[in-house]
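Please look over the sequence and the model below before reading on. The text after them is meant to be read with both in view.

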Amino acid sequence: MSKDSSAEALHLKEEIRRLYKAARAADQASEESTFGLCEELAAASERSAEICVSPAEAAVALFYWGWALARTDREDAAAEVLELAALLGGGGRAKAAALEQITRELKALPSLASTRRCVVDASAADEATDPARSVFVLNFGDKAEDRWSLLQAPKRFAWILYDPPLALFAVAASPEESQLASLEALKLG
């Protein structure tokens with residue numbers, strides 16, 4: 001991470017903490033300023049998640065983003081963001097307290113329509129998916145310093161069985177060039 005992006009990341013962390021504290025207090029007091037504070041928090045935490053290298057840090061930024069989205073009546077978007085936060089923070093990558101907050105916030109959301117996107121972890125993908133849903137592959141890279149990434153899978157992606165070093169998958173349409181990275185993350189490229 002460059003010096004400029006390190007400074008931006010530090011500034012965003014401080015700004016997010018300040019905004020979360022203010023938004024939470026306003027939310028608990030049912031103040032009108034809650035919406036505006038949550039909009040600011042959502043923007044700052046979205047940017048923070050974009051520049052985070054560490055999956056654990058990204059999971060925390062995504063928690064704040066999801067929390068803010070839920071309070072601005074965007075529950076579907078909040079659920080998608082929080083589900084990604086749970087995946088990024090899982091496997092011991094984030095602190096237990098952060099995962100508990102993410103889980104608690106997810107449970108507080110209403111159940112969602114089945115049309116939202118599906119995210120599969122490239123290192124643990126072994127599930128069937130609804131081919132009508134957009135599927136994304138969460139890739140952590142091969143080295144600790146590699147940045148995590150969310151990659152679009154081919155359209156009409158049906159299922160994947162991943163048992164290293166072998167992987168099988170079914171798809172009802174040929175992948176586009178922009179989707180090849182997701183297949184490479186699944187060791188299918």
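The paragraphs below go from the overall fold to one helix pair, then to a group of aromatic rings and a glutamate.

This is a predicted model, in which local features need pLDDT of at least 70, side-chain atom pairs count only at pLDDT 80 or more, and totals for chains, interfaces and linings use all residues. Residues are numbered from 1 along each chain as its sequence is written, and side-chain values use heavy atoms, with hydrogens and water left out.

The protein has six helices and five strands, taken as DSSP runs numbered from the N terminus (helices H or I, at least four residues; strands E, at least two). From the N terminus, the order of elements is α-α-α-α-α-β-β-β-β-β-α. Of the 189 residues, 39% count as buried, that is, under 20% relative accessible area with a 1.4 Å probe and protein chains only (exposed is over 50%, partly exposed in between). Among contacts (heavy atoms within 4.5 Å) with a separation of 6 or more, 52% join residues 24 or more positions apart.

Helix α4 (residues 75-89) and helix α5 (residues 96-108) have axes that come within 10 Å and cross at roughly 150 degrees. The axes are lines fitted to C-alpha atoms, for helices over the stretch in contact, and angles run from 0 to 180 degrees between N-to-C directions. On the α4 side, A79, L82, E83, A85, A86 and G89 meet L99, I102, E105 and L106 of α5. By class, this contact has seven nonpolar, one polar and two charged residues; Ala, Val, Leu, Ile, Met, Phe, Trp, Tyr, Cys and Pro count as nonpolar, Asp, Glu, Lys and Arg as charged, and the others, Gly among them, as polar.

Turning to the rings, the model has four aromatic pairs. Rings of Phe, Tyr and Trp (its six-membered ring) pair if their centres lie within 6.5 Å, with planes under 30 degrees apart called stacked, over 60 edge-to-face and the rest tilted. Y20 and F63 form an edge-to-face pair, 6.1 Å centre to centre with 70 degrees between the planes. The pair links Y20 in helix α1 (residues 3-28) to F63 in helix α3 (residues 55-70), 43 residues apart.

E105 lies in helix α5 and is buried, with a relative accessible area of 9%. Leaving aside neighbours within four places in sequence, E105 is in contact with F63, W67, A70, R71 and L82.
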